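Colleague: I have not seen this structure before. Could you take me through it?

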2 protein chains.
Amino acid sequence: MSKSIFYHAGCPVCVSAEHDIVKLIGNDNVTIVNIGEDRNRIPEAQNAGIQSVPALVTPTGNVLHINFGASMNDVIG
Amino acid sequence: MSKSIFYHAGCPVCVSAEHDIVKLIGNDNVTIVNIGEDRNRIPEAQNAGIQSVPALVTPTGNVLHINFGASMNDVIG
């Protein structure tokens, strides 16, 4: 199985969701990307269809918005 | 690991998220509850802190609201 990608921006809601997702699907099955720090990956997240963080993009390309930490506009600033 | 519980109400967003979650965390690790049909489990979902469906309650009791299908008020009707 290819990996999921978990996009977040370091917010408390993001960190809590990250811990839950890593526990549920396993550390080896998910790549964590902090688009608050790694800002050159913001366009990639937008292209994937992410509207808010935290969000998980599945190996098949579906976007699961998980709870609500910040909108993409908030992240872009 | 004890199981997560995925609460949904049969809506298209719910069904799509259910497929993704089952693929990601494995069929054996999640119990699926349709509170649109199994209405006597609505109070249990509310007590868990669920505000909208679909939502996943982790084994540690955290609620992950995944995308947005319907509010609990919509489900209660």
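Colleague: How many residue pairs are in polar contact across the interface of chain A and chain B?

Modeller: This is a predicted model, and side-chain atom pairs count only at pLDDT 80 or more. Across the interface of chain A and chain B, with both residues at pLDDT 80 or more, the number of residue pairs in polar contact is six.

Colleague: Which element gives the most residues to the side of chain A that touches chain B?

Modeller: Two elements of chain A give two or more residues to that side, α1 (12-25) and β4 (63-71). With seven residues, the element that gives the most is α1(A).

Colleague: How many residues of that side of chain A are nonpolar, and how many are polar or charged?

Modeller: In total, 19 residues of chain A are in contact with 19 residues of chain B. On the side of chain A that touches chain B, two are charged, seven are polar, and the nonpolar ones number 10.

Colleague: What area is buried between chain A and chain B, and which residues of chain A lose the most?

Modeller: The buried area is about 1,400 Å², and carbon and sulfur atoms give 57% of that. On the side of chain A, three residues together account for 40% of what is buried there, and those that lose the most to chain B are Leu24(A), Leu64(A) and Asn67(A).

Colleague: How many salt bridges are there between chain A and chain B, and where is Arg41(A) paired?

Modeller: Side chains of opposite charge can pair when their charged atoms come close. Over all chains the search finds two salt bridges, but the count between chain A and chain B is zero. In chain A, the closest N and O atoms of the pair are 2.9 Å apart, and the partner of Arg41(A) is Glu44(A).

Colleague: What should helix α1 of chain B span, and how far apart are its end C-alpha atoms?

Modeller: The helix has 14 residues, 12-25, and at 1.5 Å a residue it should span 20 Å. That agrees with the distance between its end C-alpha atoms, 20 Å.

Colleague: Which residue just after α1(B) takes a positive phi?

Modeller: Within α1(B), the buried residues include Leu24(B) and Ile25(B). Just after the helix, a phi of about 95° is taken by Gly26(B).

Technical notes: Residues are numbered from 1 along each chain as its sequence is written. Chains are lettered from A and ligands numbered from 1 in the order in which they are written. This is a predicted model: local features need pLDDT of at least 70, side-chain atom pairs count only at pLDDT 80 or more; totals for chains, interfaces and linings use all residues. Side-chain values use heavy atoms; hydrogens and water are left out. Contact means heavy atoms within 4.5 Å. Buried area is the accessible area (1.4 Å probe) that two parts lose on being put together, summed over both. A salt bridge is a side-chain nitrogen of Lys or Arg within 4 Å of a carboxyl oxygen of Asp or Glu. A polar contact is a pair of N or O atoms within 3.5 Å; within protein, one must be able to donate a hydrogen and the other to accept it, and residues adjacent in sequence count only if both atoms are side-chain atoms. Helices (H or I, at least four residues) and strands (E, at least two) are DSSP runs, numbered from the N terminus. Ala, Val, Leu, Ile, Met, Phe, Trp, Tyr, Cys and Pro count as nonpolar, Asp, Glu, Lys and Arg as charged, and the others, Gly among them, as polar. The expected span of a helix is 1.5 Å times one less than its number of residues. Buried means under 20% relative accessible area, exposed over 50%, partly exposed in between (1.4 Å probe, protein chains only).
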